[in-house]
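Here is a short briefing on one protein model. Look at the fold as a whole, then follow the charged side chains.

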Amino acid sequence: MSAERATVLLHAHRELGAKLTEFGGWEMPLQYEGIIAEHRAVRTKVGVFDVSHLGKLRVTGPEAGAALQEAVTCDVLSLAPGRAAYSLVLTEDGGCVDDVFVYRLADDEWLVVPNASNVAAVADKIEESGTHPVDEWDRWTILAIQGPQAFATFEKLWPEAKATEMKLHDFRALDV
């Protein structure tokens, strides 16, 4: 494969027998056992998805909140640190650049997570709104843990995160 980027977990995916693919410049796992078996596992138990190929734009500083407030459709200023919101980044005529998640890391620090293919376009819109996002594609690993046993699995692996106390769109940053 000729991908430019790889997730931190790529070596583990290879060792576990993942079928790999290139997507948006990333070498990443597509599936392990097969789509039907993996669908059933997530619907009945739990699945862990390495979504580290998603964009990671860090926006910081005293002007960051106001700029993001203009760049996205959600109320980022009302988010407490440790909370996230789903949002859209729109064009001037109401078209959609991308859908994103906005995570408030601290009072003057946010992480905007766009789709891999739209990182530059989202960064441009944030910059047009008055602040400079930093592309931290290689700093963060993002795992999506999904299914009816997601919270129990998360809590078993990382008890310090207190996953069972989390609400929708809460997040925890962990050093693993």
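With 176 residues, a compact globule would have a radius of gyration near 16 Å, and the protein agrees with that at 17 Å. Keep in mind that this is a predicted model. Five helices and 10 strands make up its secondary structure.

**Overall build**

- Along the principal axes, the C-alpha atoms fill a box of roughly 45 × 40 × 30 Å.
- Of the 176 residues, 39% are buried.
- Take the contacts with a separation of 6 or more: 54% of them join residues 24 or more positions apart.
- The protein exposes about 10,400 Å² of surface. Carbon and sulfur atoms supply 53% of that area.

**Charges**

- The protein carries 16 positive side chains and 28 negative ones.
- The centres of these two sets lie 9 Å apart.
- Side chains of opposite charge can pair when their charged atoms come close.
- How many salt bridges does a search of the whole structure find? The count is six.

**Salt bridge Glu27 to Arg14**

- Glu27 and Arg14 form a salt bridge, and their closest N and O atoms are 2.8 Å apart.
- This pair links distant parts of the chain, 13 residues apart. Glu27 sits in strand E3 (residues 26–31), and Arg14 sits in helix H1 (residues 10–15).
- Is Glu27 buried or exposed? Glu27 has a relative accessible area of 13%, so it is buried, because buried means under 20%.
- Arg14 has a relative accessible area of 45%, so it counts as partly exposed.

**Salt bridge Arg58 to Glu109**

- Arg58 forms a salt bridge with Glu109, with 3.1 Å between the closest N and O atoms.
- Both partners are in strands: Arg58 in E5 (residues 57–60) and Glu109 in E8 (residues 109–113). They are 51 residues apart and link distant parts of the chain.
- Which residues are linked in a network of salt bridges? The members are Arg58, Glu109, Glu136 and Arg139.

**Salt bridge Arg83 to Asp170**

- The side chains of Arg83 and Asp170 also meet in a salt bridge, at 2.5 Å from N to O.
- The two residues are 87 residues apart, and the pair links distant parts of the chain. Arg83 is in the loop between helix H3 (64–71) and strand E6 (84–90). Asp170 is in the segment after helix H5 (150–157).
- Arg83 is partly exposed, with a relative accessible area of 28%.
- Asp170 has 19% relative accessibility, so it counts as buried. The cut-off for buried is under 20%.

- Thr91 lies in the loop between E6 and strand E7 (96–106). At 29% relative accessibility, Thr91 is partly exposed.
- What does Thr91 contact, leaving aside its neighbours within four places in sequence? Its partners are Val97 and Lys125.
- Thr91 and Lys125 are 34 residues apart along the chain, while their C-alpha atoms are separated by 8.2 Å.
- His169 is found in the segment after H5. Its relative accessible area is 30%, so His169 is partly exposed.
- The phi angle of His169 is near 70°. That is a positive value in a residue other than glycine.

Note on methods:
Residues numbered from 1 in each chain as written. Predicted model: local features only at pLDDT ≥ 70, side-chain atom pairs only at ≥ 80, totals over all residues. Heavy atoms only, no water. Helix = DSSP H or I, 4+ residues; strand = E, 2+ residues; numbered from the N terminus. Rg over C-alpha atoms; globule rule 2.2 N^0.38 Å. Buried < 20%, exposed > 50% of the residue type's maximum accessible area, 1.4 Å probe, protein only. Contact = heavy atoms within 4.5 Å. Areas by Shrake-Rupley, 256 points an atom, 1.4 Å probe, with all protein chains shown as cover. Lys, Arg positive; Asp, Glu negative; His and termini not counted. Charge placed at Lys NZ, Arg CZ, Asp CG, Glu CD. Salt bridge = Lys/Arg side-chain N within 4 Å of Asp/Glu carboxyl O.
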